[in-house]
Amino acid sequence: MVSGSQGEFGSVVPVRPIGWRVDGRCPWGHDLGIGGCTTTYSHLYALHESFCEACSVAGRRGAWAEVDVGREQQFTSETAPHNGLVLVAVPPAQLAGLGRIEIRLGRTVLGDIDLCLCRVEQRAVLEQVRVDEQYRRHGFGTVLVAAAHARAPRYQWSTTVVRGEQARAFWAAVSPPFPLGEPHWCTHMHIAAGRTPDGQ
Ligand SMILES: [Zn+2]
Ligand SMILES: [Zn+2]
């Protein structure tokens with residue numbers, strides 16, 4: 001399966017975060033320095049879209065888009081444009097509480113990620129990543145993880161327990177630069193989540 005999803009938007013091409021794992025290759029593994037690459041503008045995403053020429057020789061469309069996940073590229077619900085592919089950060093209601101980043105195409109939320117950040121201990125925990133079923137396996141989850149990480153790249157990051165084949169396959173594709181499965185919640189996060197300070 002290499003073609004885009006045929007959802008309400010027609011063909012949705014894969015995405016990946018700028019700078020997450022820069023290896024000079026297309027998402028299908030071709031060395032772009034050898035095979036060649038062209039770019040065009042995607043009106044659907046309101047982003048540049050790249051085409052791998054080696055993919056095209058192999059009979060594949062070979063198109064993908066790179067998303068700038070930096071903090072300054074993340075909108076609020078009030079400032080988010082209503083067209084294109086956009087990241088929207090929804091802050092937590094209280095210190096170290098659960099915040100959320102959504103990835104939207106126009107006004108449609110394709111997926112979101114829940115995270116807790118503590119500025120006191122400089123810790124961050126990824127709680128849950130969700131991508132709408134018809135948009136999975138396109139890299140939107142990786143973009144969400146990278147967007148979360150970009151909010152505090154120097155913090156100590158961890159995730160909640162990774163359960164089940166699907167979750168393991170997801171994280172294997174993301175290959176994050178931090179350990180999985182052992183959430184290092186701090187007392188502020190426990191309190192914000194309604195637990196006792198020691199997590200009971
Ligand atoms: Zn390719
Ligand atoms: Zn804390």
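Predicted model: local features only at pLDDT ≥ 70, side-chain atom pairs only at ≥ 80, totals over all residues.

Biologist: Which side chain meets Glu 49 in a salt bridge?

Modeller: That is Arg 61, with an N to O distance of 3.3 Å. Arg 61 belongs to the loop between helix 2 (53-57) and strand 6, whereas Glu 49 belongs to strand 5 (residues 47-52), so the pair links distant parts of the chain, 12 residues apart.

Biologist: Which residues form a network of salt bridges?

Modeller: Arg 100, Glu 102 and Arg 104 are linked in that way. Between Arg 104 and Glu 102 the N to O distance is 2.8 Å, and both of these residues are buried.

Biologist: Turning to strand 9, is it mostly covered or open?

Modeller: Strand 9 (residues 98-105) is mostly covered, with 6 of its 8 residues buried.

Biologist: What does strand 9 pair with?

Modeller: Strand 8 (residues 85-90) runs antiparallel to strand 9 and is joined to it by 6 bridges. In that pairing, Val 90 stands opposite Arg 100. Strand 10 also pairs with strand 9 in the antiparallel sense, over 8 bridges, and there Leu 105 stands opposite Thr 108.

Biologist: What happens at the turn between strand 9 and strand 10?

Modeller: The two strands form a hairpin with 2 residues between them, and Gly 106 takes a positive phi near 65 degrees.

Biologist: What about the nonpolar core? Which residues touch the most other members?

Modeller: The largest core has 37 residues, and those with the most contacts to other members are Tyr 45, Leu 85, Leu 87, Ile 101, Leu 126, Phe 140 and Trp 157. Elements giving two or more residues to this core include strand 8, strand 9, strand 11 (123-131) and helix 4. Helix 3 provides the largest share, 7 residues.

Biologist: What does Leu 85 touch?

Modeller: Beyond its sequence neighbours, Leu 85 touches residues including Val 15, Tyr 45, Val 67, Ile 103, Leu 110 and Phe 140.

Biologist: Now the metal. Which residues coordinate the zinc ion?

Modeller: The zinc ion (ligand 2) is held by Cys 118 (SG), Glu 121 (OE), Cys 186 (SG) and His 188 (ND1), at 2.0 to 2.2 Å. The site is tetrahedral, with angles of 88 to 121 degrees among the 4 donor atoms. For reference, the ideal angle for four tetrahedral donors is 109.5 degrees.

Biologist: How are the donor residues spaced in sequence?

Modeller: The spacing is C-x2-E-x64-C-x1-H. Cys 118 lies in strand 10 (residues 108-118) and Cys 186 in the loop between helix 4 (165-174) and helix 5 (187-192), so the two cysteines tie together parts that are 68 residues apart in sequence.

Biologist: Are those two cysteines buried or exposed?

Modeller: Cys 118 and Cys 186 are both buried.

Technical notes: Residues numbered from 1 in each chain as written. Chains lettered and ligands numbered in written order. Heavy atoms only, no water. Donors = N, O, S within 2.8 Å, 3.2 Å for Na, K, Ca; no water. Tetrahedral: all angles 85-135°; square planar, octahedral: opposite > 155°, others 65-115°. Helix = DSSP H or I, 4+ residues; strand = E, 2+ residues; numbered from the N terminus. Buried < 20%, exposed > 50% of the residue type's maximum accessible area, 1.4 Å probe, protein only. Pairing = 2+ DSSP bridges. Core = buried A, V, L, I, M, F, W, Y, C linked by side-chain atoms within 4.5 Å. Contact = heavy atoms within 4.5 Å. Salt bridge = Lys/Arg side-chain N within 4 Å of Asp/Glu carboxyl O. Lists of a residue's contacts leave out its neighbours within four places in sequence.
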